[in-house]
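Have the structure open as you read.

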Amino acid sequence: MEEIEIERESMEYDVVIVGAGPAGLSTAIKLKQLCDEASKNISICVVEKGSEVGAHILSGNVFDPKALNELIPDWKNAGAPLNTPVKNDSVRYFVSDSTSFPIPTLLATTFKNHGNYIMSLGNFCRWLAEQAEALEIDIFPGFTASHLIYEDNKVIGISTGDMGIDASGNKKPSFEPGMDLRAKYTVLSEGCRGHLGKEIISKFYYGIGFKEVWDIDPELHQEGLVIHTMGWPAAKNVLSGSYFYHGENNQAFIGYIVPLDYDNPHISPFEEFQQWKHQSSIQKYLNGGTRVAYGARALVKGGHQSLPKMNFPGGLLAGDDAGTMNFPRIKGTHTAMKSGMLAAETIFEGIQNKNSTDNLESYASKLKSSWLETELLKARNFLPLIHKYGTLLGVVLAGIDQLVFRGKLPFTLHHDVPDHKCLKKADEMPKIDYLKPNGVISFDKLSSVFLSNTNHAEDQPCHLVLTDPSIPISTNLPLYDEPAQRYCPAGVYEIIEKGNEKIFQINSQNCVHCKTCDIKDPTQNINWIAPEGSGGPNYPNM
Ligand SMILES: Cc1cc2nc3c(=O)[nH]c(=O)nc-3n(C[C@H](O)[C@H](O)[C@H](O)COP(=O)(O)OP(=O)(O)OC[C@H]3O[C@@H](n4cnc5c(N)ncnc54)[C@H](O)[C@@H]3O)c2cc1C
Ligand code: SF4
């Protein structure tokens with residue numbers, strides 16, 4: 001392999017922000033607003049690995065506008081794409097494919113959505129990016145932050161990835177070196193399981209979330225209706241749940257979330273999702289409809305007790321990169337935005353103080369005295385209660401915690417086992433027979449990935465790096481029936497046979513960047529690193 005020696009161009013910014021999601025864009029906008037008010041010049045850039053802002057964003061999304069009201073109070077006149085207020089909430093428990101019963105929203109307090117909006121988070125981020133650009137913030141889509149730059153143990157910016165390197169690591173004729181973006185302050189807001197954020201923190205608990213967008217029969221569409229479900233077809237002791245949001249233009253945003261602390265390696269979250277669509281109270285809306293988009297993304301469920309230290313020398317973490325999602329509400333947009341806004345306030349103080357980074361610790365106290373702390377604190381025992389006491393008793397106790405004690409139980413339960421350590425041996429756990437997809441309501445992985453418009457430039461180094469290439473066949477296959485074949489929502493990992501030999505094949509071009517393999521591989525042997533910029537899904541309105 002050719003040793004690549006590269007001279008990189010370098011650019012200086014006051015602040016570099018990684019990721020143009022709600023957290024990163026809110027950080028940029030809030031900081032520029034504060035500097036403009038104080039007549040301070042500041043240069044801010046945001047790098048985004050998607051081919052455009054929104055291309056890698058996937059979310060439900062029912063949006064709580066609390067943070068937006070603070071960031072851009074005049075958002076209605078500024079054209080924010082919030083056109084569908086929630087009109088009706090419904091929560092159901094599925095007993096089987098044909099039987100279900102309603103859970104009063106009085107009990108399921110976390111699913112009350114009055115005052116919220118059904119929207120596409122991808123489109124909302126596109127709009128936020130327009131607001132940022134109007135404030136002269138530089139946004140660079142198609143650029144991946146691949147490394148942190150350190151000086152004297154302090155982060156002083158990021159390097160963007162090189163383009164045009166072949167699968168063996170050699171330069172192609174199209175080679176273009178990445179750039180060093182140096183900054184006084186670096187903000188990591190890469191979303192759940194950020195690959196740079198992982199360098200700074202290592203402890204977390206996750207779920208995998210799926211989403212499909214459907215055009216549904218106008219006769220069956222009820223704009224503003226929000227449905228959440230629990231129960232069937234979730235595997236034993238797994239608190240999978242779902243959402244079905246009736247958005248604008250006769251579209252439905254539907255999805256399914258499986259916590260990644262499941263113990264049965266035979267579970268296939270993708271197939272559970274496909275099966276769920278056949279429950280009679282879901283299928284009745286999909287009959288005659290057309291699926292137009294598909295995607296998947298990991299989400300953070302650790303909650304308040306899993307939040308890491310959110311500042312590091314030279315920078316701050318914001319949003320899901322730090323784990324600010326309120327999982328019991330399935331809401332992380334407003335909390336990501338708020339953490340970004342508080343990161344901006346922290347940096348602004350430093351800028352006012354001769355660009356000092358000494359004050360970054362004060363981010364923690366700002367978080368502590370904000371509504372974000374109150375909200376996450378209230379939700380902190382919800383999931384651990386269910387994990388400890390199971391899906392029936394646990395749900396009742398979690399309901400009592402929220403309804404009677406308003407999340408103020410005088411103790412905090414902790415998540416004690418990381419997700420990748422939860423798997424039991426394949427021969428100790430029951431196999432699961434999932435329904436075969438019918439190609440109308442339910443589908444296979446390949447036709448689904450097709451709808452994510454995923455694309456990676458051919459002939460580039462594989463971005464799914466195995467620490468030890470022998471482990472999938474020597475360890476994971478005999479012990480866990482190599483679960484990557486089932487937990488990956490894009491069919492990237494396959495066991496194929498050549499002659500008498502079993503081979504672990506990685507179809508990396510199909511990867512939708514959900515990061516589940518990086519989280520759930522039982523031996524932590526798979527390392528997701530950022531591929532060449534622009535690679536990955538191209539989601540339209542996810
Ligand atoms: C299935 C599902 C349903 C959900 N439903 C809801 C809901 O109904 N309501 C709600 O409020 N929340 C919901 N959430 C949660 C919500 O989407 C997240 O909490 C929120 O998007 C977090 O914002 P963020 O800015 O931290 O990260 P993200 O939205 O993930 O944005 C991160 C951005 O950074 C980019 N990026 C990552 N790494 C790099 C890199 N190295 N270089 C350059 N760019 C990079 C990514 O491409 C992405 O654009 C849901 C999540 C899922 C998965
Ligand atoms: S390879 Fe990993 S990150 Fe990519 S889609 Fe599969 S599980 Fe997700």
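The axes of α1 and helix α3 (residues 121-134) come within 10 Å and cross at roughly 20°. Axes here are lines fitted to C-alpha atoms, for helices over the stretch in contact, and angles run from 0 to 180 degrees between N-to-C directions. Helices (H or I, at least four residues) and strands (E, at least two) are DSSP runs, numbered from the N terminus. α1 and α3 are therefore roughly parallel to each other; angles under 35 degrees count as roughly parallel, over 145 as roughly antiparallel, 65 to 115 as roughly perpendicular and the rest as oblique. The crossing of α1 past α3 is left-handed, a term used if the near helix is turned anticlockwise from the far one by less than a right angle, with right-handed used if clockwise. On the α1 side the contact is made by Pro22, Leu25, Ala28 and Ile29, and on the α3 side by Cys125, Leu128, Ala129, Gln131 and Ala132. Two residues are in contact if their C-beta atoms, placed from the backbone, lie within 7 Å. Eight residues of this α1 and α3 contact are nonpolar, one is polar and none is charged. For these classes, Ala, Val, Leu, Ile, Met, Phe, Trp, Tyr, Cys and Pro count as nonpolar, Asp, Glu, Lys and Arg as charged, and the others, Gly among them, as polar.

A word on the model: it is predicted, local features need pLDDT of at least 70, side-chain atom pairs count only at pLDDT 80 or more, and totals for chains, interfaces and linings use all residues. Residues are numbered from 1 along each chain as its sequence is written, while chains are lettered from A and ligands numbered from 1 in the order in which they are written.

Two further helix pairs can be set side by side:

| Helix pair | Angle | Axis separation |
|---|---|---|
| α1 and α7 | about 40° | 7 Å |
| α10 (382-389) and α11 (393-403) | about 155° | 7 Å |

α10 and α11 are therefore roughly antiparallel to each other, and α10 passes α11 in a right-handed crossing. The crossing of α1 and α7 is right-handed. Among the residues that make the α1 and α7 contact are Pro22, Ala23 and Gly24 of α1 and Thr333, Ala336 and Met337 of α7.

Ligand 2 is surrounded by 13 residues, and Cys488, Val492, Cys511, Cys514 and Cys517 are the closest. The shell around ligand 2 divides into 10 nonpolar, two polar and one charged residues.

Now to the backbone. Most residues other than glycine have a negative phi, and most peptide bonds are trans. A cis peptide bond joins Gly60 and Asn61, with omega about 10°; Asn61 lies in the loop between β2 and β3. Another cis peptide bond joins Trp232 and Pro233, with omega about 0°.

Terms used: Near = placed C-beta within 6 Å.
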